[in-house]
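Colleague: Please put the model up, and then I will go through it with you.

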Amino acid sequence: MATVTFRDETPTGRPLGEWQSTGLPDRMTVRALIHRRASEQAAHPIDWERAFLTNGFFLLAGDRQADSLDKEVDLATTPTLIFIKLVALAGG
């Protein structure tokens, strides 16, 4: 079982929040990790899966950007996941 750190950041690397989740399987899909992340934001529900697919944010697992919801992440070797929230430009 893995302990994973979920971290939210801005595109410039400014931290927005961080927490740990324990007891996770050693391998999970990006989709399952996004659902785990979404459960942490119950106060501000958004469609995280849709946001991922439309580039509302991207996910770094180790030094790699996750590019598919079905990609598996090895949490035993990648214990930190960074969710980088992108902001739409005003007037764009």
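Colleague: Which strands does helix H1 lie across, and at what angle does H1 run to S7?

Modeller: This is a predicted model, in which local features need pLDDT of at least 70, side-chain atom pairs count only at pLDDT 80 or more, and totals for chains, interfaces and linings use all residues. Residues are numbered from 1 along each chain as its sequence is written, and side-chain values use heavy atoms, with hydrogens and water left out. Helices (H or I, at least four residues) and strands (E, at least two) are DSSP runs, numbered from the N terminus; axes are lines fitted to C-alpha atoms, for helices over the stretch in contact (heavy atoms within 4.5 Å), and angles run from 0 to 180 degrees between N-to-C directions. Helix H1, residues 30-39, lies across S1 (2-9), S2, S4 and S7, and its angle to S7 is about 75°.

Colleague: What is the strand order in the open sheet of five strands?

Modeller: Two strands pair if DSSP finds at least two bridges between them. Strands S2 (15-24) and S5 (64-65) are the edges, each pairing on one side only. With mixed pairing, the order is S2-S1-S7-S4-S5.

Colleague: Which residue in S7 stands opposite Leu59?

Modeller: Strand S4 (residues 57-61) pairs with S7 (residues 80-85) in the antiparallel sense, over five bridges. Opposite Leu59 stands Phe83.

Colleague: What share of the protein chain's residues is buried?

Modeller: Buried means under 20% relative accessible area, with a 1.4 Å probe and protein chains only. Of the 92 residues in the protein chain, the buried share is 33%.

How values were computed: Buried means under 20% relative accessible area, exposed over 50%, partly exposed in between (1.4 Å probe, protein chains only).
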